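Student: I would like to take a close look at a single part of this model with you. Could you walk me through it slowly?

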Amino acid sequence: SIFVFPSWAYVLSQDYMLRGPRPFSTGSCRANCRRWHSNQQRLAPLMATKTAAAKQDVGLTLTMSDALALSERIRQLKDCLPGLKSDSVGVQRMPGDVGERVALVAARDIREREVVMTIPEKLAVTSVDAETHDVVGPLAAECSELTALTLWLVAERARGAASAYAGLLSTFPEATLSPLLWEDTELMELLAGSPVLAEARVRRDAMRQQWSALEPRLRADPNRFSSDIFSERAFYRAFSVVVAHACFLPSANCFALLPLASSMGRTGNNNGCDLDFDGQTNAVVVTAARPYRSGSELLLNDGRPNGELLLATGGLQEGNTSDFLDWPAGLLPADKYFMLKSQVLETLGFGQRENFPVYADRMPIQLLAYLRLSRLADPALLAKVSFEKDVELSQMNEYEILQILMGDCRERLAAYSKSYEEDVKIAQDPDLSPKERLAVKLRLGEKRIINATMEAVRRRLAPIRGIPTKSGALQDPNSDLKEIFDTIENLPKAPLRLLEGFVSWARGEQDPDWGKKPGQGRGQVRK
């Protein structure tokens, strides 16, 4: 089935500036491998650019002292908020993808479906708080939820320690490592050849368009909206924080910035905690979806792929079982059965073009069924098409769709400038910048999915076409392959055939005249 994540489905209708995000959009990156040998002068400009980019990332990663200070701020927030129930939650410093990070952990053993944390509604910051804000309220009321929360965050940050939400704000970063904040040169360098490049540009452009729409309103009232506070840079950085930390509450159908819960890590392995609003207690409740041992990190379940996580949160999860690549499929407009196939797909809930999630360990049956239907040449086989079971229509049809998938895999791999093995070496470089570190991890995950898909396609192709050659091509079964397999199968029988041949020769059975009467041999002259 096609999965739609509730939070982003809601964003689709509320925040055009995010352009979705589309459920199956993913991303990949391209690392910049530095070489310090030989030509130092040629590399000097490049290294100056990289040094400047690294300086920009300094405030976005935590050192050990930063992590210790953040841990203390979260503990203070946990202890001082009235009504917050979080006795089973502890705070611990941990290593992260880039630098240090602070995690919420189980302070004791926690049972499955046990309530881990209860956050009263009055502690949650929603668009309602933004719309009633004394500075940005009238403007926020005209914006989408996430934009309204962004304006609220900019205004409250300007108040510093005087803000009623100073404790909550102190647990949020100044910005994230989301590609929405990257320079265009960084996007080209790190995301070249990846579908996330186009997605990042679309979302970044939409974010900039939102700012362009807001700026005239802000500049029209400089007394209320100081240009030093409500600047373009401040808006973008605050927006990245809101997108990364706002939790979607399905029952309330809204986003909220929450103490503690907004700082929890995310997992796509469905082994974390569930979060939602409880109308009976009028509070946000975090519930353990599995048992936790004391000291284990508490994570929120989040079924997004790593490419989407990077765009939204500026981070990703290693070993994310929800990580997938968006795989397109569509009907051929020149197909003489185009309209008939369109009608069949419409009855099944599909369009003329669709995208399907392909994981490292599986691909949806619907993708195979869609491709089979799209390349079907015999309309008599339409009744055989199944989107519920893996049913082959014909050997020729199966061969064609597998070749399409194989071609897609090769095309995707060719978009990268470095091989999987090269990326493994790059990932071991201790001098990578935070963005490069995230990029290579994302890229390796993407290539694992593509390589696994290629291997699965090869296994399906083997019974149809045979085995792959060194060039990567697959030989035809009706010529050389048949001879190869026959030879391999007959090798164990070779000694027996040699012995049988020797006995036959000894008996004279191989003599053309053996067993014939005198005068009937071929060496005799007919009279």
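Which residues does Lys341 touch, not counting residues up to four places away in sequence?

Tutor: Happy to! Please keep in mind that this is a predicted model. Leaving out residues up to four places away in sequence, Lys341 touches Leu331, Asp335, Leu373, Ser374, Arg375 and Leu376. Lys341 itself is found in helix H12. With a relative accessible area of 2%, Lys341 is buried, because the cut-off for that word is under 20%.

Helix H12 covers residues 338–347 and helix H13 covers residues 365–374. Their axes come within 10 Å and cross at roughly 155°. That makes H12 roughly antiparallel to H13, since angles over 145 degrees count that way. The crossing of the two helices is right-handed. On the H12 side, the contact is made by Lys341, Val344 and Leu345, while H13 supplies Tyr370, Leu373 and Ser374. Sorted by class, the residues of this contact divide into 4 nonpolar, 1 polar and 1 charged. Lys341 is the charged one, as Asp, Glu, Lys and Arg are counted as charged.

Now stay with H13 for a moment. Of its 10 residues, 9 are buried, so H13 is largely enclosed by the rest of the structure. The buried residues of H13 are Gln366, Leu367, Leu368, Ala369, Tyr370, Leu371, Arg372, Leu373 and Ser374. That list includes Tyr370, Leu373 and Ser374, the H13 residues that make the contact with H12.

Helix H9 (residues 195–219) and helix H11 (residues 306–313) have axes that come within 11 Å and cross at roughly 25°. That makes H9 roughly parallel to H11, whereas H12 is roughly antiparallel to H13. The crossing of H9 and H11 is right-handed. From H9, the contact involves Val196, Glu199, Ala200 and Arg203; from H11, it involves Gly307, Glu308 and Leu311. By class, this contact has 3 nonpolar, 1 polar and 3 charged residues.

For a contrast with the buried Lys341, turn to Arg111, which is found in the loop between strand S2 (100–106) and strand S3 (115–120). Arg111 counts as exposed, at 59% relative accessibility. Setting aside neighbours within four places in sequence, Arg111 is in contact with Ala288, Arg290 and Pro291. Ala289 is 178 residues from Arg111 in sequence, and the two are 8.8 Å apart in space, C-alpha to C-alpha.

Finally, let us step back to the whole protein. It has 18 helices and 11 strands, and 47% of its 527 residues count as buried. Among the contacts with a separation of 6 or more, 66% are between residues 24 or more positions apart. The accessible surface comes to about 26,800 Å², and 53% of it belongs to carbon and sulfur atoms.

Conventions:
Residues numbered from 1 in each chain as written. Predicted model: local features only at pLDDT ≥ 70, side-chain atom pairs only at ≥ 80, totals over all residues. Heavy atoms only, no water. Helix = DSSP H or I, 4+ residues; strand = E, 2+ residues; numbered from the N terminus. Buried < 20%, exposed > 50% of the residue type's maximum accessible area, 1.4 Å probe, protein only. Contact = heavy atoms within 4.5 Å. Areas by Shrake-Rupley, 256 points an atom, 1.4 Å probe, with all protein chains shown as cover. Axes fitted to C-alpha atoms, helices over the stretch in contact; angles between N-to-C directions. Parallel < 35°, antiparallel > 145°, perpendicular 65-115°, else oblique. Left-handed = near helix turned anticlockwise from the far one by under 90°.
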